[in-house]
Amino acid sequence: MSDLAYSDYRGIAADLRFPERAFIDGSPCASTGGLFFETTNPATGAVLAALPLCGAEDVDRAVSSARRSFRDGAWSRAAPEKRKEVLLRLAELIRRNGRQLAVMESLESGKPITDCLKEITVEVPDIFQWYAELIDKSYGRVAATGEDACALVLREPIGVVAMVLPWNFPLLMASWKLAPALASGCSVIVKPAEETSLTTLYLAQLAVEAGIPAGVFNVLTGPGETTGRLIGQHGDIDAVSFTGSTEVGRLFLQYAASSNLKTIGLEMGGKSPFVVLDDAELTSELIDNAIMAAFWNGGQNCSANMRQIVARARQEEFVEKVVARAKAIRIGDPLDPQTEMGPLISLRHKRRVGAYIETGVNEGARRVLSPENALSKGDDCYLGPTVFADLKPDMTIAREEIFGPVLGVLPADSIDRMLAIANDTDYGLHATVYTRDIDRALYFARRLACGTVAINGFTEGDIKTPFGGYRKSGSLARDKGVEAMAQYQQIKSVWINVSRPEGLS
Ligand code: NAD
């Protein structure tokens with residue numbers, strides 16, 4: 001993916017100017033209270049920028065601006081072709097600024113530059129383009145009636161929408177929500193995770209340049225407990241689309257219940273299975289996918305397939321191959337195009353993951369690869385991969401979301417036992433199944449209780465396939481696909497009584 005060298009990316013990083021203001025009513029602005037918080041580079045600990053800690057007055061200002069812009073109709077009532085043209089221009093601006101955005105995201109999140117480039121120079125602009133092209137191809141419906149009536153079923157933008165986002169895929173998660181919301185005609189307020197605000201602020205500038213009217217796209221920076229809570233409790237926000245932990249998702253339902261009953265769309269945590277049936281060949285491609293499923297983005301992935309359920313007879317061969325491949329993962333500076341795994345997002349998070357690893361050992365899981373063996377660098381945010389074998393379904397590390405580079409192999413004796421273990425979780429976001437038998441593949445696909453099933457490859461699908469979770473992984477809301485539009489639209493029925501025209505016999 002990378003066409004430049006390590007030194008080039010360091011050069012781009014040295015020239016970057018980081019945004020240092022929130023974004024309200026079409027312009028960068030400080031917080032009214034004058035408070036700040038720092039955003040840092042997890043690879044080095046260096047402070048990248050001091051950002052406004054947005055409080056109640058800032059949230060009110062952003063909501064008023066969004067409401068005003070929604071009412072004046074410059075965006076919400078614009079012709080579909082107009083919104084399409086602007087969003088296509090935004091897609092193009094993201095492509096043109098892609099390298100800068102990718103380096104900025106790599107610096108702030110610790111994600112390898114090659115992943116940032118793929119997400120930001122390809123996927124993010126493609127998402128805006130896809131929804132832009134959908135705008136003038138979306139139709140309402142006409143209900144069946146007699147000739148004495150005509151009944152229209154219309155879709156309208158829901159109004160002012162807030163998006164509260166996680167740090168693991170900052171600009172990608174923002175785009176999954178922003179593109180369909182803006183395509184629908186909503187005015188939006190984005191609250192990025194406090195760890196990763198920079199690229200969303202950069203995007204707000206590009207949105208204005210593309211022609212999105214002032215007030216339609218606002219960004220509030222700040223911690224969840226203050227800025228996020230104030231958004232959740234605000235009485236004039238029509239909907240919140242949230243991606244993050246199940247714990248905080250639950251809070252948003254409470255905020256809505258205690259304020260204006262705003263609509264809440266939830267995309268939350270996971271504990272996804274990777275199932276290898278006994279007929280699957282343990283090829284290098286399968287092993288690469290097993291590694292990717294558990295360790296991509298340092299395992300900081302909602303759909304991470306940490307629970308790898310393998311036919312018992314194949315466990316030792318599988319473990320041996322997975323450990324050999326995991327040892328070869330190149331850990332290093334995220335700006336180096338050779339790096340496959342960067343640091344975790346913070347020292348606090350690394351300690352949390354470390355505590356889970358200890359729990360796994362204490363509960364009797366067999367550790368076959370320790371981070372110490374794999375280039376871990378001591379008291380910083382880096383943590384190499386850990387692999388456990390002989391995991392039991394009731395162990396803590398087989399049940400709770402770890403969100404770090406930990407892979408656990410659970411051996412099982414029969415297909416039904418494998419399916420039962422796969423479904424034995426509070427979550428239901430994603431699953432991967434490897435088998436050469438189409439009947440077995442479909443048997444699993446239909447019975448796995450989760451939003452996405454990948455067969456013979458680890459994938460979350462593409463922009464055309466909706467993404468979301470069952471059970472504690474999500475509400476009925478979906479990101480991506482045509483289905484994502486539903487989070488940002490109201491349905492209105494218009495019933496027209498029709499009289500018989502005069503003068504007809
Ligand atoms: P988090 O829940 O801690 O934070 C998510 C967002 O909520 C952040 O913007 C944060 O500032 C805000 N927030 C935190 N506390 C809040 C509060 N009390 N009130 C209001 N807002 C608050 O999650 P995270 O640590 O940023 O991300 C990791 C989690 O996100 C994992 O559980 C992961 O599985 C999940 N995730 C899910 C998906 C998905 O599509 N299902 C995608 C990515 C991440």
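What is the volume of the largest pocket? The figure comes out at about 1200 Å³, a volume being the space filled by probe spheres set on grid points that are joined across faces, edges and corners. The structure is a predicted model, in which local features need pLDDT of at least 70 and side-chain atom pairs count only at pLDDT 80 or more, while totals for chains, interfaces and linings use all residues. Residues are numbered from 1 along each chain as its sequence is written, and side-chain values use heavy atoms, with hydrogens and water left out.

A pocket here is an open set of points on a 1 Å grid over the protein atoms alone, where a 1.4 Å probe fits and protein lies on both sides within 12 Å along at least five of seven lines; lining residues have an atom within 4 Å of a point. For the largest pocket, 41 residues make up the lining, and Trp167, Gly244, Ser245, Glu247 and Val248 lie nearest its centre. By type, that lining splits into 18 nonpolar, 10 polar and 13 charged residues (nonpolar: Ala, Val, Leu, Ile, Met, Phe, Trp, Tyr, Cys and Pro; charged: Asp, Glu, Lys and Arg; polar: the others, Gly among them). Helix α9 gives the most to this lining, with seven residues (helices are DSSP runs of H or I, at least four residues, and strands are runs of E, at least two, numbered from the N terminus).

The ligand sits in this largest pocket, meaning that more than half of its atoms lie within 2 Å of the pocket's grid points. Around the ligand there are 29 residues, with Leu165, Glu194, Ser245, Tyr255 and Glu401 coming nearest (a residue is near if one of its heavy atoms lies within 4 Å). This shell holds 17 nonpolar, seven polar and five charged residues, and α9 again gives the most, with four.

An N or O atom in the Glu401 side chain is 2.6 Å from a ligand oxygen, and one in the Lys191 side chain is 2.9 Å from a ligand oxygen. At Gly224, a polar backbone atom is 3.2 Å from an oxygen of the ligand. The ligand taken alone exposes 850 Å², and the protein buries 91% of that (Shrake-Rupley areas, 1.4 Å probe).

The second largest pocket has a volume of about 660 Å³. Its lining counts 22 residues, with Arg83, Arg155, Glu156, Pro157 and Gln489 closest to the centre. Strand β6 (149-157) provides the largest share of that lining, four residues.

Conventions:
Polar contact = N/O pair within 3.5 Å; in protein donor to acceptor, adjacent residues only side chain to side chain.
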